[in-house]
Amino acid sequence: MVPTQYYLLLSAILFGLGAVAFVFKRNIITIFMSIELMLNAVNLAFVAFSQASGKVDGQVFVLFVIVVAAAEAAVGLGIIILIQRNRQSLNIEKVNLLKL
Amino acid sequence: MIAFLQQNAFWIITIVKIALLLFIVLTVNAYLTWFERKVVAHIQSRWGPHRVGPHGLLQPAADGLKFLFKEDPTPLGVDKFVYYLAPFLALALSLTALAVIPFGPDPIVLFGQKIYLWITNPDIGLLILFAITALSVYGVALAGWASNSKYSLLGGLRSSAQMISYELALTMSVVGVLLMANTFSLTEIIEKQSHGVGGVGFLGWNIFAWGKDGLLFPQIFGFICFFTSAIAETNRAPFDLPEAESELVAGFHTEYASFKFAMFFIAEYTAMITVSCLATILFFGGWVSIFPDSWTITHYIPSITLIPFGLWVIYDGLKYETIFGKLVLPAVGFAMFAIGAVLLAGAWIAPLHQVNEFIQPVFWFTAKVFVFLFFYVWARGTLPRLRYDQLMNVGWKLLLPVSIANVIVTAGVILWRGHV
Amino acid sequence: MSPVLIIFFVLAGLAVLGALNLVLQKHPIHSALSLIVVMVCLAGLYLLMGAEFVAAVQIIVYGGAIMVLFIFVIMLLNAGEEEHTDFSKIAKFAGLPLALALTASLAALVVKPGQNVHGATQAVIPKATEQISTMLFKDFVYPFELTSFLILVAIMGALVLAQREKK
Amino acid sequence: MPTPMLDHLWIIPLLPLLGAATNGLFGKNWPNKLVNAVALNATGFSFLAALEAVREFIFVRNQELFRKEFFDWIVAGSFRAGFDLQMDQLTVIMVLVVTGVGFLIHIYSTGYMAHEGGYYRFFSYLNLFMFFMLILVLAANYVLLFVGWEGVGLASYLLIGFYFLKKSASDAGKKAFIVNRIGDFGFMLGMFLLFKTFGTLDFTQLFAKSAPWANEGWGVFGTFTVACLLLFTGACGKSAQLPLYVWLPDAMEGPTPVSALIHAATMVTAGVYVVVRSHVLFTHSETALVVVGTVGCATAFFAATIGLVQTDIKKVLAYSTVSQLGYMFLACGVGAFGAGIFHLMTHAFFKALLFLAAGSVIHAMGGEQDMLHMGGLSKKIKVTYWTMLIATLAIAGFPPLAGFFSKDSILFEAFQREGGWHPLYFFGLLTALLTSFYMFRLIFLTFHGKQRYDEHHVHVHESPWSMLGPLVVLAVLSVIGGWMAAPSFWGGEDHFTSFLSPIFGAAHEGALSEATAHSFELTLAVVAVVAALIGLLTAFWLYIKQPGKPAEIAKSLKPLYTTLCNKYYVDEAYGAVIVKPLLALSTNVLWKVIDVEMIDGTVNGIAHGATATGDITRQTQSGNTRSYAVWVVIGALAVLVIIFWPAIRAMAGGAQ
């Protein structure tokens with residue numbers, strides 16, 4: 001059997017990489033993807049725990065997470081399309097109307 | 001040496017099986033093209049291929065050679081990696097799908113090893129199949145994007161939109177079956193259908209759903225939705241918009257030539273086969289025979305059908321123009337006839353009886369698959385291509401609601417019958 | 001080294017590589033592809049853990065729907081290579097160390113030192129899929145229904161956002 | 001026995017509130033009919049509810065005190081002020097008077113206000129007033145009573161200033177409000193003192209606790225005296241007694257129905273009600289009683305004298321109101337609370353009637369209020385004339401009308417309370433004389449003699465029946481209103497007092513024996529009637545027989561006359577003594593220094609500080625999402641560290 005720590009470690013690394021991408025990419029779509037990556041990392045942790053504890057709750061939660069991710073993707077991509085339409089750019093640094 | 005074989009028998013057998021399956025499937029693909037061309041030709045009252053070999057039977061081989069030796073240009077400004085990745089992806093995925101399809105119930109016993117007629121039989125076979133179908137979008141979409149060409153891009157866009165849309169209908173339409181079968185395992189699904197009421201085999205199939213549990217809700221609508229969206233999933237006519245030659249040259253594989261094109265080609269036909277197998281398994285009882293098990297004749301139908309077919313081939317061969325045909329066809333026909341006769345003798349000779357027993361389910365399975373393949377070709381030969389908005393309407397406004405309704409009704413019936 | 005462990009390491013390695021690639025690639029499509037690789041690897045890991053259903057859903061939904069959506073959008077918007085702007089000083093200088101610090105601390109926290117790393121873990125959960133379904137439709141039925149509402153809302157939202165307002 | 005209405009006593013005040021809310025919020029664009037429907041239904045049903053409640057109180061509960069706590073309003077430590085309503089004999093009378101007269105006046109108003117702007121506003125306010133007044137009379141503790149007390153103040157302010165475009169009107173409103181505040185201040189202090197002493201402001205408990213305390217004789221300034229005087233201050237404010245009466249005459253700026261309802265029948269009697277309600281406290285303090293009595297008597301006489309020379313029909317009535325209120329306090333002062341309440345009721349009838357009739361006259365004259373421009377109207381507007389005549393007879397105290405009995409009983413009580421010399425009685429008598437004089441002066445000036453107005457401009461017309469109806473009803477009431485308390489020599493017996501006796505108990509038993517009491521009462525009654533007659537005849541002689549006389553008299557007594565005309569220069573005095581300095585203080589110190597410099601300075605300073613801080617901190621708000629991303633990461637890191645601090649420490653420990 002693979003010890004749970006390995007899975008957790010993997011998930012931590014993936015999450016961290018997701019965070020790195022989240023900070024470093026300029027393309028909105030990619031940033032969005034990095035969020036998905038982080039979600040995936042969390043899912044991995046969930047499943048690992050569920051397997052370690054022998055209960056399926058974790059897996060159920062993974063399902064919920066996936067559903068939420070799907071909804072989020074739908075809306076988020078809609079927003080991205082709008083951004084592209086209005087600002088002709090996907091570079092997040094050029095989407096800065098929120099500035100004071 | 002023997003010991004080694006004994007130890008790793010599983011791996012070895014699996015690998016051999018994979019190789020065999022690949023060979024068979026590729027051949028079938030090849031001849032499927034021949035078959036398609038013939039049928040379409042006859043639908044349009046043409047002859048179709050008839051130069052290469054008798055009835056153009058060697059045409060596929062010729063095509064294969066052509067694919068191999070054609071020039072393989074790579075257009076300018078393509079995204080190399082993706083451009084090369086796409087066809088591999090498509091082919092690999094569609095071939096992988098076959099791995100979970102069971103072709104027959106009982107194993108062959110060789111050297112004390114049971115060899116089943118499937119590569120693997122996971123508990124969630126169906127889910128895996130759907131997973132693979134889901135992924136198979138990428139081949140097309142990426143190809144379209146990578147080719148750096150309007151037509152391809154449009155084709156890719158279309159196909160990805162189309163496949164996403166119809167995947168829903170596809171999945172939903174199967175849920176009815178799952179509710180009745182209570183499992184994801186394909187073999188179990190087939191097994192559940194093998195108890196037609198009063199021993200009449202075909203009544204047990206999900207399409208009639210009149211098994212030992214009494215009459216449940218027949219999955220006719222489910223089947224229609226399933227097969228329609230399956231056609232769309234495989235980008236076949238009348239849903240072949242991604243490669244609509246009249247609008248997009250050749251759609252997503254416009255920029256592909258020679259072997260990479262062949263890969264898409266093979267992928268497409270393999271997908272057809274997979275889908276046909278799936279339809280057979282889910283709705284038409286897989287390898288379950290039409291006739292009651294109790295009749296002796298049921299067990300010999302393959303052999304019995306073989307004999308007249310052989311005779312017909314001989315007759316046809318004898319009146320064929322070319323010498324080659326005059327020689328080959330009768331020989332083939334005679335071989336068929338002989339095999340049929342020998343197997344039929346199994347009625348009185350025990351071991352041959354075993355063979356018959358073994359062949360029968362496989363025969364039924366392949367027969368049903370063949371019917372669906374024919375259906376594919378037929379549809380292509382007769383139906384006009386949909387417009388894009390029509391396509392979307394059919395997918396979202398017709399198939400999806402119907403299949404959902406199907407699920408609800410089925411669930412209701414099952415609850416009502418109390419077989420939960 | 002048991003075959004299971006080997007498979008794990010292969011998949012894990014692939015996943016990490018994919019994630020790295022996601023960061024390093026310039027073009028969104030390539031990032032997307034690498035993300036898909038990660039997801040497939042994770043699905044494999046789920047299978048390894050015996051969470052077949054989750055694995056399948058992972059591929060079907062994530063791989064088959066969400067990522068396709070991403071690629072679709074990328075193709076639709078014809079997104080090119082990302083420009084390398086650096087307007088955000090803090091991201092330029094403090095970003096990497098901070099993110100790495102986060103990773104490190106997470107990793108450090110999940111792998112508790114002194115604890116037996118080869119701790120016994122549960123074997124595969126029997127009939128996981130059935131358990132999940134019962135749980136979904138009994139214990140978690142209300143959240144489950146709520147998610148359906150969520151999806152509905154998301155669909156509407158996406159429609160409203162993405163459709164061009166007609167003149 | 002079930003007492004549904006009592007159990008839901010809150011319905012009675014709620015209905016007018018609903019009416020007020022409905023009209024106030026939605027009535028703006030409604031047709032008058034709809035507004036009427038709402039307002040009248042609100043009050044009418046409230047009246048019916050009151051009747052039902054009274055029925056249950058009398059016949060189901062046999063007149064035992066009903067009291068119910070509906071919900072807690074303020075609970076702080078030992079202090080509790082709940083929304084508690086109660087129903088006892090006193091409340092019965094007040095509630096009936098308020099709702100009944102109120103309803104009549106509502107009907108009247110529909111006719112009177114028909115052509116005025118802000119119709120919905122008027123009825124909304126009127127209903128609001130009803131609500132607060134009902135709260136006031138139904139309240140079971142001082143705090144809730146005070147709510148009603150302030151509420152009616154507010155309503156009266158709004159209604160006095162109803163024509164807020166007229167400066168005099170809005171000024172009058174403010175004046176009323178401010179003067180009342182002075183009284184209210186005293187009232188509050190009184191409440192505080194009571195709470196400090198007895199630890200409760202609930203009537204039942206308070207009176208129960210106070211009962212055993214020793215009485216405070218004349219000149220002793222103990223708790224009771226002080227508290228009562230403070231309460232009385234409030235009463236003075238509300239009921240326009242010396243020295244706080246000044247607002248009432250000006251309040252006549254409001255529409256006439258308002259003057260009738262608020263400034264004659266109900267609100268102004270709130271002061272009397274409070275004094276009566278807390279008679280237990282008052283009876284504990286000789287001094288307070290004397291003060292009350294004296295002030296009442298003084299006011300009565302004082303106002304009457306001013307009333308002699310007023311020419312504005314409403315002003316006359318206003319001063320007569322003040323003086324009548326004086327009578328009531330006089331009654332309270334001599335411990336004849338029952339008599340006071342009795343006069344309150346009868347006064348509500350005939351004074352409301354007078355005002356409404358006056359309103360009808362004004363309506364007929366097309367807004368003319370000066371009596372000197374009237375005259376000879378009796379032919380033109382008969383109904384108004386006769387009803388007003390009845391009211392006048394009533395107020396002047398001619399038997400057998402309501403006024404006679406109430407006033408007579410007050411005078412009798414006054415006479416019988418004081419041993420030896422009878423200043424209060426004599427002044428009371430004198431006031432009665434004056435009252436009948438100036439009332440008949442009003443009648444004669446208005447209705448008799450030759451007409452002193454221009455036919456062509458003013459065309460006199462009788463008011464619609466929506467106005468006359470209430471007049472008639474009230475006229476009937478002012479005739480028969482008194483009989484229930486017909487004194488024994490009259491052959492009747494005093495139902496009223498006996499009805500109230502459970503409250504006042506043996507608050508006052510005559511110092512004289514029955515027989516002597518009878519003879520006394522008889523003689524006193526005769527005297528009073530004679531006084532009234534004198535007043536009547538004088539008026540007749542002066543204003544009918546020789547219309548020239550009054551002017552001569554005025555000339556001969558110039559200083560006195562002018563003083564009277566200028567109301568003893570009270571307003572001017574107040575203006576010089578209080579208002580001016582106050583104004584100066586406010587403008588120069590409070591406004592220019594404290595408000596502008598300190599308060600505004602502080603506020604602006606804070607604002608500027610905030611802006612400055614914002615200028616600094618907004619640097620982080622770069623609008624660049626990547627920076628935000630970094631912040632998010634930092635946050636996550638922080639959370640991690642905080643949550644897992646022990647683990648981290650352990651790790652650090654493990655490292656070494």
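**Helix packing and chain contacts in a predicted complex**

In chain B, helix α9 (residues 220-233) and helix α11 (residues 258-283) have axes that come within 11 Å of each other and cross at roughly 170°, where helices (H or I, at least four residues) and strands (E, at least two) are DSSP runs numbered from the N terminus, and axes are lines fitted to C-alpha atoms, for helices over the stretch in contact, with angles running from 0 to 180 degrees between N-to-C directions. The two helices α9(B) and α11(B) are therefore roughly antiparallel, on a scale in which angles under 35 degrees count as roughly parallel, over 145 as roughly antiparallel, 65 to 115 as roughly perpendicular and the rest as oblique. F223(B), F226(B), F227(B) and A230(B) of α9(B) make this contact with V275(B), A279(B) and F283(B) of α11(B), two residues being in contact if their C-beta atoms, placed from the backbone, lie within 7 Å. By class, the contact of α9(B) with α11(B) holds seven nonpolar, no polar and no charged residues, with Ala, Val, Leu, Ile, Met, Phe, Trp, Tyr, Cys and Pro taken as nonpolar, Asp, Glu, Lys and Arg as charged, and the others, Gly among them, as polar.

The model is predicted, and local features need pLDDT of at least 70, side-chain atom pairs count only at pLDDT 80 or more, and totals for chains, interfaces and linings use all residues. Residues are numbered from 1 along each chain as its sequence is written, while chains are lettered from A and ligands numbered from 1 in the order in which they are written. For the complex, the predictor gives an ipTM of 0.74 and a pTM of 0.59. Chain C has a mean pLDDT of 81, with 90% of its residues reaching 70 or more, pLDDT being the predictor's confidence in each residue, from 0 to 100. Residues 114-120 of chain C have a pLDDT below 50, and this stretch has six contacts in the model beyond near neighbours in sequence.

Chain A contains three helices and zero strands, and 62% of its 100 residues count as buried, a residue being buried if 20 or more other C-beta atoms lie within 10 Å of its own, exposed if 12 or fewer, and partly exposed in between, with C-beta atoms placed from the backbone. Of the contacts in chain A with a separation of 6 or more, 50% are accounted for by residues 24 or more positions apart. Helices α2(A) and α3(A) pack at an angle of about 175°, their axes lying 9 Å apart, and are therefore roughly antiparallel to each other. Residues contributing to this contact include F32(A), L39(A), F46(A) and F49(A) of α2(A), together with F61(A), V65(A), I80(A) and I83(A) of α3(A). The contact of α2(A) with α3(A) divides into 14 nonpolar, five polar and two charged residues.

The contact between chains A and C takes 62 residues from chain A and 73 residues from chain C. On the side of chain A, the elements giving two or more residues are α1 (4-24), α2 (28-53) and α3 (57-87), of which α3(A) gives the most, with 21 residues. This side of chain A comprises 44 nonpolar, 14 polar and four charged residues. The contact between chains B and C takes 19 residues from chain B and 14 residues from chain C. On the side of chain B, two or more residues come from each of α5 (125-135), α6 (137-146) and α7 (150-181), and α7(B) gives the most, with seven residues. By class, this side of chain B has 15 nonpolar, two polar and two charged residues.

Within helix α6 of chain B lies V137(B), which is buried, with 28 other C-beta atoms within 10 Å. Not counting residues up to four places away in sequence, V137(B) touches S159(B), S160(B) and M163(B), as well as G64(C) and V68(C). The C-alpha atoms of V137(B) and Q162(B), which are 25 residues apart along the chain, are separated by 9.3 Å.

In chain D, the antiparallel strands β1 (residues 66-76) and β2 (residues 79-87) are joined by nine bridges, where two strands pair if DSSP finds at least two bridges between them. E69(D) has D84(D) in β2(D) as its bridge partner. The strands β1(D) and β2(D) form a hairpin with two residues between them, and G77(D) in the turn has a positive phi of about 60°.
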